Amino acid sequence: MTGRLIERLVVPPSSGRAVRVLRGRTLRVGQEAGGQVASLLVLNAHDHKEQGMARFSGNLSQIQGIGNHYRLGTVFSKVPYERPMLTVTRDTVGHHFLGPHCTARMMELLGAPGHRSCTDNYADALAEHGLTLEDVYTPASINLFANPRVDPTGDGSIEFLPPTAGKDDYVEFVAEMDVLVVVSACPDDVSSLNGGSCTAIVVQIAELRYGPRPA
Amino acid sequence: MSRAVDIQPPGAYRVITDLSLPKSSGRSLPVAEGQIFRAIASEGKQVLDLTFFNAHNYREHFSAELSAVLGSMQGTGGYYRLTRLYSNPPYENVLATVVDDPVGSGVRGGERGGHYIDDGHCTGRLLEFMGFPDDRTCSDNFADALSEIGLRQEDTFDSTIFNVWMNSYTDERGDMQFAVPLVETDDHIDFLAHIDLVAVFSICPLRHGPCNDYQPKGMRFQILEPELNREGGS
């Protein structure tokens with residue numbers, strides 16, 4: 001991992017946690033067992049009204065030549081802020097989904113009404129910081145390791161294939177500002193989103209280790 | 001959480017509001033339950049960036065991509081056409097239904113539904129990256145439109161948008177692609193309100209690229225009400 005490890009957090013299967021990452025530090029979000037989606041919300045740690053945009057960050061990254069709707073570049077905050085919040089520095093998978101996380105209505109349509117969803121995970125994690133779902137911009141999430149395909153024709157229907165991420169895969173970011181990152185280890189074991197079973201997500205934070213000052 | 005999904009519009013409506021708005025402007029309009037919000041491409045190929053708020057609780061608003069995925073799961077829409085417009089979690093209610101959409105139904109041809117359902121409209125940063133930092137954007141239009149109902153962009157989420165007649169798509173690689181709108185002069189789209197709503201919208205000012213066929217234009221809007229309501233019926 002880039003830098004000196006200062007925090008390691010395991011987000012248990014089907015649960016949510018939030019971590020603060022100071023500007024300049026490295027955030028790594030990785031697999032524990034493989035095949036698991038990690039959905040992220042990103043908030044300015046000092047002003048929770050400034051929140052990350054998912055898909056639109058793909059648009060802005062595309063113009064800069066560093067990403068698109070499947071390949072993550074920089075996460076920008078919503079209007080009227082539009083500032084860089086996180087930038088990808090390493091990505092061992094390279095295919096993600098900037099779009100909705102799973103919700104109660106999706107579970108209902110999947111034939112599993114009442115099943116836990118990322119909405120529940122976010123609600124739990126946000127509550128620890130005095131926030132509610134209505135305070136944040138959901139359901140647009142940075143769905144790391146999700147493996148969807150949007151049909152470029154017709155209605156633009158979406159198909160979710162199982163993640164290709166193995167147990168050693170991860171995405172590493174540098175924090176462009178102090179951020180609160182809410183991580184949901186997606187609880188969808190009904191569809192193919194997590195390959196039919198849910199596992200943990202490992203979150204690590206590091207700070208850069210500088211060498212000795214030149215004489 | 002659930003509400004009735006399939007409200008069938010009665011046959012006869014009458015126009016109670018009819019206004020033409022200039023190019024590159026934003027506006028908010030109340031649309032009561034049972035009324036229809038109609039957008040008309042009165043000057044030709046032009047994109048309308050549209051969202052809806054619950055008129056009684058602005059924390060509940062249209063959620064574009066959630067609607068696209070839920071539509072895809074139900075076989076009623078996706079990223080390029082929508083039937084049901086859902087609100088954000090934890091609500092996830094049907095706010096409105098598209099009840100008439102000739103372009104989305106394929107009347108003008110094309111490979112796709114002819115709309116773009118996205119969490120994004122043109123913004124200051126986008127135009128800056130495109131090399132036009134001083135151009136007006138949908139973000140400016142939404143700031144104006146939201147101020148009409150006492151909201152600021154900091155307090156809400158205006159970037160979750162039904163980009164009506166925006167003929168864009170995501171290609172196999174994940175890159176967003178752009179094309180000239182399929183819509184022709186005087187084509188329309190109708191949204192039936194399931195609850196009391198406020199329509200908040202921007203007539204997209206983007207003059208670069210094919211989104212508005214390289215020339216922003218004005219548009220026309222109508223609110224329609226069922227005939228029965230006007231005559232004292234239920």
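Reader: Is α1(B) mostly covered or mostly uncovered, and how many of its residues are buried?
Author: This is a predicted model. In it, α1(B) is mostly covered, with nine of its 11 residues buried.

Reader: Which residues in α1(B) are buried?
Author: They are A64(B), E65(B), L66(B), S67(B), A68(B), V69(B), L70(B), G71(B) and S72(B).

Reader: And what follows α1(B)?
Author: G75(B) comes after the helix, and its phi is positive, near 70°.

Reader: Turning to the contact between the chains, how many residues does each give?
Author: Chain A contributes 42 residues and chain B contributes 47 residues.

Reader: Which elements of chain B give two or more residues to the side that touches chain A?
Author: Those elements are α1 (64-74), α2 (124-130) and β10 (169-170) of chain B. The largest share, eight residues, comes from α1(B).

Reader: How do the residues on that side of chain B divide into nonpolar, polar and charged?
Author: There are 17 nonpolar, 15 polar and 15 charged residues on the side of chain B that touches chain A.

Reader: Now chain B as a whole. Why does its radius of gyration agree with a compact globule?
Author: A compact globule of 234 residues would have a radius of gyration near 17 Å, and chain B has 17 Å, so the two agree. Along the principal axes, the C-alpha atoms of chain B fill a box of roughly 55 × 40 × 35 Å. Buried residues account for 52% of the 234 residues.

Reader: What helices and strands are there in chain B?
Author: Chain B has four helices and 14 strands. Of its contacts with a separation of 6 or more, 76% are between residues 24 or more positions apart.

Reader: Over to chain A: how many residues of helix α3 are buried?
Author: Seven of the 10 residues in α3 (residues 118-127) of chain A are buried. Among them are C118(A), Y122(A) and L126(A). The cover over the buried residues of α3(A) includes β2 (16-21), β4 (38-44), α2 (104-109) and β13 (179-185) of chain A.

Reader: What is the strand order in the open sheet of six strands in chain A?
Author: The order is β1-β14-β3-β12-β7-β6, with antiparallel pairing. At the edges are β1 (4-11) and β6 (74-76) of chain A, each pairing on one side only. Neighbouring strands of this sheet are turned by 20° against each other on average, direction ignored.

Reader: How many bridges join β6(A) to β7 of chain A?
Author: Three bridges join these antiparallel strands. Opposite V75(A) stands L86(A) in β7(A).

How values were computed
Residues numbered from 1 in each chain as written. Chains lettered and ligands numbered in written order. Predicted model: local features only at pLDDT ≥ 70, side-chain atom pairs only at ≥ 80, totals over all residues. Contact = placed C-beta atoms within 7 Å. Nonpolar A, V, L, I, M, F, W, Y, C, P; charged D, E, K, R; others polar. Buried ≥ 20, exposed ≤ 12 C-beta atoms within 10 Å, placed from the backbone. Rg over C-alpha atoms; globule rule 2.2 N^0.38 Å. Pairing = 2+ DSSP bridges. Axes fitted to C-alpha atoms, helices over the stretch in contact; angles between N-to-C directions.
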